[in-house]
Amino acid sequence: MMKVENLSIHFEQDGELQEVVRDISFCLQDGEILGIVGESGSGKTMTALTIAGLLKEQAVLDGGSIFLDDTDLLTLSAREMREIQGRDISMIFQEPMTALNPTMKIGRQVEESLVLHTKLSKEERREKALRALQDVELVNQEDLYGRYPHELSGGMRQRVMIAAAIVCRPKVLIADEPTTALDVGTQESILKLLKKLNQKYHMGILFISHNLRVVNELCSRVLVMKDGVIVEEGDAEKIFKNPQTPYTKELIQAIPGRTKSSAFYKLLRAKAGE
Ligand SMILES: Nc1ncnc2c1ncn2[C@@H]1O[C@H](COP(=O)(O)OP(=O)(O)OP(=O)(O)O)[C@@H](O)[C@H]1O
Ligand SMILES: [Mg+2]
């Protein structure tokens with residue numbers, strides 16, 4: 001359904017050229033949850049931003065295609081791309097406060113894509129926004145609708161951001177480290193929510209994380225990125241159990257709280273006030 005072909009991106013800084021994504025190709029099947037893992041700086045976010053049409057100006061596309069169904073997104077004008085954003089492709093980020101407007105009520109923010117992409121009446125939009133808040137399992141939607149982001153907890157804000165992203169039922173949701181800033185319990189509940197939304201609306205999800213354990217929990221397939229290239233690709237469970245490259249092995253070794261016992265000791269240390 002979405003096909004990335006031979007995508008390359010570089011940055012130019014002080015006359016120096018830095019390749020950040022080099023000739024990567026992959027596809028996201030209809031309704032699939034695909035993971036991208038890799039160490040910091042491996043090009044995950046750049047890949048995501050390019051797909052979402054949000055690449056910064058300093059970044060230069062060297063070539064490639066991103067097909068959504070039969071349309072190559074990279075050939076679209078900025079105006080045409082805005083038609084796609086929020087309607088067919090949405091993106092959520094690590095820090096909801098950067099995505100949410102602190103001065104705008106929650107309801108209005110969840111409705112934003114409906115204002116841009118539909119001709120629904122005010123009342124119809126409100127209904128859909130309340131429904132989206134319900135979809136992300138927030139209670140007292142009517143009350144939330146009139147509140148401001150700072151009145152909510154981090155986990156709730158993350159849910160509001162997801163509600164705003166899915167209110168138009170996009171075909172693809174790009175989630176860039178959406179749980180990294182959250183505590184473990186909240187992280188788990190957001191992962192469960194994404195899985196539910198994927199099943200309920202058959203929405204494809206591109207899930208980015210540096211944590212292979214989280215990816216393994218959520219995704220059926222995974223791409224491993226290093227220095228802008230895909231070094232390993234396949235069934236998430238298989239890669240987690242039997243990584244083929246030393247780099248992937250290292251990523252697995254580096255997972256915090258990888259075993260029950262280390263999580264246990266971490267808890268003990270926390271209790272001891274260390
Ligand atoms: N504005 C910029 N100017 C120059 N280089 C940049 C800029 N933004 C990112 N880069 C470079 O692009 C490369 C890829 O960055 P990217 O943000 O995609 O990594 P990432 O895999 O998402 O890392 P992280 O796990 O830390 O989020 C990095 O080497 C980074 O230094
Ligand atoms: Mg990133």
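Helix α4 gives the lining of the largest pocket its largest share, six residues. Helices (H or I, at least four residues) and strands (E, at least two) are DSSP runs, numbered from the N terminus. This is a predicted model, in which local features need pLDDT of at least 70, side-chain atom pairs count only at pLDDT 80 or more, and totals for chains, interfaces and linings use all residues. Residues are numbered from 1 along each chain as its sequence is written, and side-chain values use heavy atoms, without hydrogens or water.

Stay with the pocket. About 570 Å³ of space lies in it. A pocket is an open set of points on a 1 Å grid where a 1.4 Å probe fits, with protein on both sides within 12 Å along at least five of seven lines; lining residues have an atom within 4 Å of a point. The volume is the space filled by probe spheres set on the points. The lining has 22 residues, and G86, M91, E112, S113 and A164 are the closest to the pocket centre. Two or more residues come from each of β6 (89-92), α4 (106-117) and α7.

The largest nonpolar core has 48 residues, and V110, I162, L194 and F207 touch the most other members. Such a core joins buried Ala, Val, Leu, Ile, Met, Phe, Trp, Tyr and Cys residues through side-chain atoms within 4.5 Å; buried means under 20% relative accessible area (1.4 Å probe, protein chains only). Helix α7 (residues 154-166) gives the most to this core, with six residues. Another core, of 31 residues, lies apart from it, with M2, V4, L7 and L34 among them.

Note on methods: Chains lettered and ligands numbered in written order. Buried < 20%, exposed > 50% of the residue type's maximum accessible area, 1.4 Å probe, protein only.
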